[in-house]
Amino acid sequence: YNTLKLGAHALPPDRVTLIDSQTLSFGLGFQVLIGAEIAAATGDVEAVHHAILQVQKHQRVFAALDTIKYLHLSGRINWAAASLGNLLQIKPIIYVSAGEVRSASRVRTFSRALDELVRLVSLQAPLDRITLLYAHESEVLQQLHERLAPMVTNAIMSVSITPTIGVHTGPDGVGVVTLSSAWRE
């Protein structure tokens, strides 16, 4: 975003519209998809800009981590927190808000983490779209799909995370990106 901002400085202001996504992974994906849909339907830059800002307000990116080992290895938490977390088998649930990764909850088993993830997603209802994020396809991904399908009107997409995200989540972390139907208001 900052690089584009610097580059756009030399262009006429009416020819460039920059938007900081304030998110990561498929949170940005929903903004791009909705922006493209609105652009195709209206051809109006202001309508696209408004829609993307609405999506930003009404989307959530959650992740349930099977271990905090990879958060430690990537430098996101210190060794003391990692040691205590591993000893107590803490499974964090994180989310992205205003460009910051934050803790939503902590539970003691991965099955409880998945239950909490489903609960957090249900709080976003009514939902327009859901995307599941994963490092590798697993039984957990299918279980999440089955549990979340009744909460959304559109088909659930599944997207493999990039290595940039995977280095923090580890191979068994899963994520859910939601878009509330309220974005259309």
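Student: What makes a residue or feature count here?

Tutor: The model is predicted, so local features need pLDDT of at least 70 and side-chain atom pairs count only at pLDDT 80 or more, while totals for chains, interfaces and linings use all residues. Residues are numbered from 1 along each chain as its sequence is written, and side-chain values use heavy atoms, with hydrogens and water left out.

Student: How do you know how many helices and strands there are?

Tutor: Helices (H or I, at least four residues) and strands (E, at least two) are DSSP runs, numbered from the N terminus. That gives 8 helices and 6 strands, in the order α-α-α-β-α-α-β-β-α-β-α-β-α-β along the sequence.

Student: Why is S21 called buried?

Tutor: Buried means under 20% relative accessible area, exposed over 50%, and partly exposed in between (1.4 Å probe, protein chains only). S21 has a relative accessible area of 14%, so S21 is buried, even though S21 sits in the loop between helix 1 (2-8) and helix 2 (26-42). Across the 185 residues of the protein, 37% count as buried.

Student: And what makes Q31 buried?

Tutor: The relative accessible area of Q31 is 3%, so Q31 is buried. Q31 belongs to helix 2.

Student: Which residues does Q31 touch?

Tutor: Contact means heavy atoms within 4.5 Å. Not counting residues up to four places away in sequence, Q31 touches S21, T23, I52, V55, Q56 and Q59.

Student: What lines the second largest pocket?

Tutor: T17, L18, I19, S21, L28, Q31, V45, V48, H49 and I52 do. A pocket is found on a 1 Å grid over the protein atoms alone, as an open set of points where a 1.4 Å probe fits, with protein on both sides within 12 Å along at least five of seven lines; lining residues have an atom within 4 Å of a point. Helix 2 and helix 3 (45-58) are the elements giving two or more residues to the lining, and helix 3 gives the most, with 4 residues.

Student: What classes of residue make up that lining?

Tutor: Ala, Val, Leu, Ile, Met, Phe, Trp, Tyr, Cys and Pro count as nonpolar, Asp, Glu, Lys and Arg as charged, and the others, Gly among them, as polar. On that basis the lining has 6 nonpolar, 4 polar and no charged residues.

Student: What makes something a nonpolar core, and which residues have the most contacts inside the largest one?

Tutor: A nonpolar core is a set of buried Ala, Val, Leu, Ile, Met, Phe, Trp, Tyr and Cys residues joined through side-chain atoms within 4.5 Å. The largest has 22 residues, and L117, I130, L132, L144, L148 and V176 have the most contacts inside it. Helix 6 (110-122) is one of the elements supplying at least two residues, and its share of 7 residues is the largest.

Student: How do you know helix 6 has the expected span?

Tutor: The expected span is 1.5 Å times one less than the number of residues. Helix 6 has 13 residues and reaches 18 Å from first C-alpha to last, close to the 18 Å expected. Its buried residues include L117 and V121.

Student: Where does P126 lie, and what kind of bond joins A125 and P126?

Tutor: P126 lies in the loop between helix 6 and strand 4, and the peptide bond joining A125 and P126 is cis, with omega about 0°. Most peptide bonds are trans.
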